[in-house]
Amino acid sequence: MRDDKRQMRHDAITQAAYALLAEKGYDGTSMLSIAKAAKASNETLYRWYGDKRGLFEAMVRDNAAEVKTMLEAEMSSGGSPIDALRTIAPVLLSMLLGERAILLNRAAASDPSGELGAAIAKGGRDAVQPQIAAVIEDIETEVKPQGMSKADLFLGLLIGDAQIRRVLGVMPALPEDQIQARSNAAIAAFLKVLSVG
């Protein structure tokens, strides 16, 4: 199968999986129901992803891909690390608070085995945070954060408890202007804590 056709099939499968996750939750969603909704064969899903967890892991990787691509571009652009933060922070926050990430996190929260949470950590945070850390470490600071890395400090300021509040359903999705305002406030607070500028 050509790469572009395979990507279209993959997109249809993950779109169907997200719709079923939203409607029935992770436990109520089967590979067969995803295959039917995506008009794909069950055999294709098992051949491509192995099982439902494999599909879930692919969805996590897809969700983090935009942020990773942007981080890689920013790191190779030669621009200032603060400008890089200004570019990537709203994209990262939009991804983390977006409907897809929330559905994936709700599925992980309901998994008593912890396997889905581990998949989110591996395909999401563990894959993206080192890139964020590489950008942030280049910021010259007068103050070093105690007990945490600069990346942990920045992510704490950016995300706070917003993602868990979205997962719990007590906070609505943020419009783009609020994403940008929150990103700007987090960057300003981060630079102030580190006595930059």
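1. Where is the place of P172? P172 falls in the loop between α9 (162-167) and α10 (176-193). This is a predicted model. P172 counts as exposed because its relative accessible area is 59%, over the 50% cut-off. Its C-alpha atom is separated by 9.7 Å from that of A162, 10 residues away along the chain.

2. Next, a surface patch. I164, L168 and V170 together make a nonpolar patch on the surface. I164 belongs to helix α9. At 46% relative accessible area, I164 is partly exposed.

3. Now D111. This residue sits in the loop between α6 (99-109) and α7 (115-137). D111 is buried, yet has no salt bridge. The nearest side chain of opposite charge is R53, 6.8 Å away. The D111 side chain does reach the backbone nitrogen of E115, at 3.0 Å.

4. The overall fold. The protein has 10 helices and 0 strands. From the N terminus on, its elements run α-α-α-α-α-α-α-α-α-α. Along the principal axes, the C-alpha atoms fill a box of roughly 60 × 40 × 30 Å.

5. Packing and surface. Of the 197 residues, 43% are buried. Take the contacts between residues at least 6 apart in sequence: 71% of them join residues at least 24 apart. The accessible surface comes to about 10600 Å². Carbon and sulfur atoms account for 52% of that surface.

Note on methods: Residues numbered from 1 in each chain as written. Predicted model: local features only at pLDDT ≥ 70, side-chain atom pairs only at ≥ 80, totals over all residues. Heavy atoms only, no water. Helix = DSSP H or I, 4+ residues; strand = E, 2+ residues; numbered from the N terminus. Buried < 20%, exposed > 50% of the residue type's maximum accessible area, 1.4 Å probe, protein only. Lys, Arg positive; Asp, Glu negative; His and termini not counted. Salt bridge = Lys/Arg side-chain N within 4 Å of Asp/Glu carboxyl O. Polar contact = N/O pair within 3.5 Å; in protein donor to acceptor, adjacent residues only side chain to side chain. Patch = residues over 30% accessible without salt bridge, like charges linked within 9 Å, V, L, I, M, F, W, Y side chains within 5 Å. Areas by Shrake-Rupley, 256 points an atom, 1.4 Å probe, with all protein chains shown as cover. Contact = heavy atoms within 4.5 Å.
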